[in-house]
Amino acid sequence: MINGQQVALVSGSTKGIGKAIAQQLVLDGYIVVQNSRSAIAPEEVIGHYYLRADVTIETESRMLVQKVIEKYGKLDLLVCNVGSGIVLSNEVSISDMWSHFLSLNLNSTTYLVNSALVSLKETRGNVVAISSICGEDPTINAPVGYATAKAGLEMFMKTMAARSGKEGVRFNVVSPGNVFFEGSVWYEKMKSNKLEVASYLEQHVPLGKFIEP
């Protein structure tokens with residue numbers, strides 16, 4: 001161990017919810033490894049270590065986990081935060097649409113979990129996946145591909161919890177609602193139609209406002 005500290009890998013952690021999670025884990029005393037698909041400048045790193053990898057690609061997910069374990073000797077916490085519900089153009093084919101949403105919102109987690117499971121069993125570690133209320137409530141006006149992928153993510157996590165609990169590995173899902181940050185779905189919608197967003201909040205969100213990461 002590294003001074004008794006636990007090691008956390010947070011995918012998609014250079015902005016929004018993932019960045020907020022990384023910041024909090026640093027405050028909680030974890031050694032935090034940040035990750036994103038696009039490289040960031042060294043001064044933007046808030047964790048202890050940064051690794052660029054596209055976790056929608058299985059080989060890159062495996063490489064990412066291996067590098068963390070090579071550097072720190074273990075992995076205690078895996079936070080799977082990669083995902084997107086941004087509406088695609090109508091010109092995108094059905095097959096490309098499904099590939100897009102499943103790759104980002106489901107496969108990215110399954111690849112990381114499968115790559116990290118042996119190490120997590122050794123540490124009796126923990127996996128947290130960031131899902132969405134869209135994966136539970138079909139009445140929310142979300143892209144079908146996004147909602148379906150998030151529902152699949154939640155079933156994957158439940159199944160892994162049932163299969164790995166006896167070995168001490170915990171699997172939990174957090175399903176946020178309407179989170180606002182630069183680059184988010186709601187950020188883009190707010191730029192294009194503030195009145196439509198205001199109407200949505202009034203009709204569907206009890207508090208009538210967004211939450212922050």
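Colleague: Is Lys 121 buried, partly exposed or exposed in this model?
Modeller: This is a predicted model, and the class of a residue rests on its computed relative accessible area, with buried meaning under 20% and exposed over 50%. The relative accessible area of Lys 121 is 30%, so the residue is partly exposed.

Colleague: With which residue does Lys 121 form a salt bridge?
Modeller: The closest N and O atoms of the pair are 3.3 Å apart, and a salt bridge requires a distance within 4 Å. The partner of Lys 121 in this salt bridge is Glu 167.

Colleague: How many residues apart in sequence are the parts that Glu 167 and Lys 121 tie together?
Modeller: Lys 121 belongs to helix α3, which covers residues 94-123, whereas Glu 167 sits in the loop between α4 (144-164) and β6 (170-174). Glu 167 is itself partly exposed, at a relative accessible area of 34%.

Colleague: What is the relative accessible area of Lys 74, which forms a salt bridge with Asp 76?
Modeller: In this pair the closest N and O atoms are 3.0 Å apart. Asp 76 is buried, its relative accessible area being 8%. Lys 74 is buried as well, since buried means under 20%, and its relative accessible area is 10%.

Colleague: Which residue forms a salt bridge with Glu 60?
Modeller: The closest N and O atoms of this pair are 3.6 Å apart, and the partner counts as partly exposed, with a relative accessibility of 38%. The residue that pairs with Glu 60 is Arg 52.

Definitions and conventions
Residues numbered from 1 in each chain as written. Predicted model: local features only at pLDDT ≥ 70, side-chain atom pairs only at ≥ 80, totals over all residues. Heavy atoms only, no water. Salt bridge = Lys/Arg side-chain N within 4 Å of Asp/Glu carboxyl O. Buried < 20%, exposed > 50% of the residue type's maximum accessible area, 1.4 Å probe, protein only. Helix = DSSP H or I, 4+ residues; strand = E, 2+ residues; numbered from the N terminus.
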